[in-house]
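User: I'd like to learn how to read helix packing and nonpolar cores in a model. Can you walk me through it?

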Amino acid sequence: MSATVLFVDDEPKITDALKRILRREPYRVLCANSAKEALNILGGREVDVVVSDEKMPGMSGSDFLALVAEAYPETIRIVLTGQASLEAAIRAINEGGIYRFLTKPISESNLTATIRQALEHRSLVKKVAEIRKKEHSRAAALKALERSYPGITELREDASGTIIIDDVF
């Protein structure tokens, strides 16, 4: 399944241009021209990466991305703004937990590479979560086994590395 990227900007020309940049990439690209429209899209389908403008009528990009972070924490969030300010960057980082803060104009190569890196980051985060879940399950199983058979999880090895199990019970 291909990844889904959602561009959010109140200027349709910008979202169209961003969509064209990714036309050769193997992504499903969606566009929204307001935070409200973007939230409706997010409510109906899984989105891997959201790239949002900061200055939009009705809701700032930081406020929008904070909502996305709360409701869809696995979605990677990126700000792409033409009016960067330190205050906006701080809000986006602290409230929106953004992955990157980018400025317009952005080169095709920079946008493409950033989205590719964001997707790799998301994939790695998912894999770490799966490993942690398996490890938690394994630890719980060992704990239950230890309760039933005290000492069974304390393995000893001889000089050759062979596990000695005859004196466990």
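User: Which residues of α1 are buried?

Analyst: Buried means under 20% relative accessible area, exposed over 50%, and partly exposed in between (1.4 Å probe, protein chains only). Helices (H or I, at least four residues) and strands (E, at least two) are DSSP runs numbered from the N terminus. In α1, the buried residues are T15, L18 and I21. Looking down the α1 axis, they fall within an arc of 115°, so they line one face of the helix; that arc is taken over the directions from the helix axis to the C-beta atoms.

A quick caveat: this is a predicted model, where local features need pLDDT of at least 70, side-chain atom pairs count only at pLDDT 80 or more, and totals for chains, interfaces and linings use all residues. Residues are numbered from 1 along each chain as its sequence is written, and side-chain values use heavy atoms, with hydrogens and water left out.

User: What do the buried residues of α1 pack against?

Analyst: Contact means heavy atoms within 4.5 Å. By that test, they pack against β1, β2 (28-32), β4 and α5.

User: And which residues touch the most other members of the largest nonpolar core?

Analyst: A nonpolar core is a set of buried Ala, Val, Leu, Ile, Met, Phe, Trp, Tyr and Cys residues joined through side-chain atoms within 4.5 Å. Here the largest has 19 residues, and V5, F7, L22, Y27, V49, V51 and I115 touch the most other members. Its largest share, four residues, comes from α5.

User: Where does R122 lie?

Analyst: R122 lies in α5 (residues 108-148) and is buried, at 6% relative accessible area.
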